[in-house]
Amino acid sequence: MKKTPHTTKQQIINSGYRLISQKGFTHVGLSQILKFANVPKGSFYHYFSSKEQFGESVIQEHFKHYLDSIDNLFNATNKNGYQKLISYWQQWENTQTQSHHSQQCLVVKLSAEVADLSEPMRLALKTGANEIIKRITDCVQAGIEDGSIKPIKPSSTAETLYQMWLGASLLNKLYRDGSAINNAMERTQQLLKPE
């Protein structure tokens with residue numbers, strides 16, 4: 001069966017994402033990506049003008065799927081706002097272990113590495129992070145309305161929570177003992193739960 005251009009491009013993006021999630025952007029070469037994707041070497045520049053544009057596409061694709069999963073969780077009708085947010089952070093907590101390299105937060109993985117190297121990649125990360133914060137804001141607001149979250153400022157709370165969890169994930173990479181993630185969860189519960 002012959003591959004279509006879309007499936008070949010998607011195969012390169014998917015393979016690149018898996019390698020970048022494990023090794024970082026600068027430590028993965030194009031030949032390594034193409035070999036992993038089982039795509040001929042000359043194919044890359046048919047789909048991407050540069051490795052930087054490829055990296056931007058990987059980030060955008062990651063956020064597309066990630067935001068869909070958040071929407072599915074936050075649109076569930078069987079949980080209140082607080083329960084949805086705690087479920088989200090529990091999923092985050094579960095993926096921050098060493099055994100889940102490919103699922104660890106791409107923002108944590110790439111922000112420090114590429115933010116100063118590539119403006120398009122930085123902006124793609126920023127756009128994705130802003131979309132996550134927007135969804136958390138909406139969920140906090142829903143929790144305030146259903147009474148499961150104490151009256152707080154939704155947007156600043158969402159920003160604080162996201163920043164706290166990014167920081168905890170970064171510290172978790174250093175300490176590898178789960179203490180930063182555990183502290184983030186405890187503080188999240190204190191911040192949201194009504195008295």
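## Order of the helices

Read along the sequence, this protein follows the pattern α-α-α-α-α-α-α-α-α, with nine helices and zero strands; here helices (H or I, at least four residues) and strands (E, at least two) are DSSP runs, numbered from the N terminus. The model is a predicted one, in which local features need pLDDT of at least 70 and side-chain atom pairs count only at pLDDT 80 or more, while totals for chains, interfaces and linings use all residues. Residues are numbered from 1 along each chain as its sequence is written, and side-chain values use heavy atoms, with hydrogens and water left out.

## Overall extent and burial

The C-alpha trace of the protein spans about 60 × 35 × 30 Å along its principal axes. Of the 195 residues in the protein, 45% are buried, where buried means under 20% relative accessible area, exposed means over 50%, and partly exposed covers what lies in between (1.4 Å probe, protein chains only).

## Aromatic rings

A pair of aromatic rings is described by the distance of the centres and the angle of the planes. Rings of Phe, Tyr and Trp (its six-membered ring) pair if their centres lie within 6.5 Å, and planes under 30 degrees apart count as stacked, over 60 as edge-to-face and the rest as tilted. By this rule the count comes to twelve aromatic pairs. One of them joins Y88 and W92, which are edge-to-face, with 6.0 Å from centre to centre and 85° between the planes. Y88 and W92 are four residues apart in helix α5 (residues 81-95), and therefore they are separated by about one helical turn. Y88 is buried, with a relative accessible area of 3%, and W92, at 4% relative accessibility, also counts as buried.

Rolling a probe the size of a water molecule over the atoms shows where empty space is left. On a 1 Å grid over the protein atoms alone, a cavity is a set of points where a 1.4 Å probe fits but cannot get out, whereas a pocket is an open set with protein on both sides within 12 Å along at least five of seven lines, and lining residues have an atom within 4 Å of a point. Grid points are joined across faces, edges and corners, and a volume is the space filled by probe spheres set on the points.

The second largest pocket holds about 240 Å³ of space. Its lining is made by V107, V108, S111, A112, L125, K126, A129, N130, Y162, L166 and L170, and at least two residues of this lining are supplied by each of α6 (106-114), α7 (119-146) and α8 (154-175). The lining residues divide into eight nonpolar, two polar and one charged, given that Ala, Val, Leu, Ile, Met, Phe, Trp, Tyr, Cys and Pro count as nonpolar, Asp, Glu, Lys and Arg as charged, and the others, Gly among them, as polar.

## Loop residues with positive phi

Most residues other than glycine have a negative phi, and most peptide bonds are trans. N38 has a positive phi of about 60° although it is not a glycine; N38 lies in the loop between α2 (30-37) and α3 (44-47) and is exposed, with a relative accessible area of 62%. R176, likewise not a glycine, has a positive phi of about 55°. R176 is found in the loop between α8 and α9 (179-192), where R176 is exposed, with a relative accessible area of 58%.

L73 lies in helix α4 (residues 51-74) and counts as buried, at 11% relative accessibility. Leaving aside neighbours within four places in sequence, L73 is in contact with K84, S87, Y88 and Q91. The C-alpha atoms of L73 and M185, 112 residues apart along the chain, are separated by 18 Å.

A142, in helix α7, counts as partly exposed at 32% relative accessibility, and the C-alpha atoms of A142 and Y82, 60 residues apart along the chain, are separated by 8.7 Å.

Technical notes: Contact means heavy atoms within 4.5 Å.
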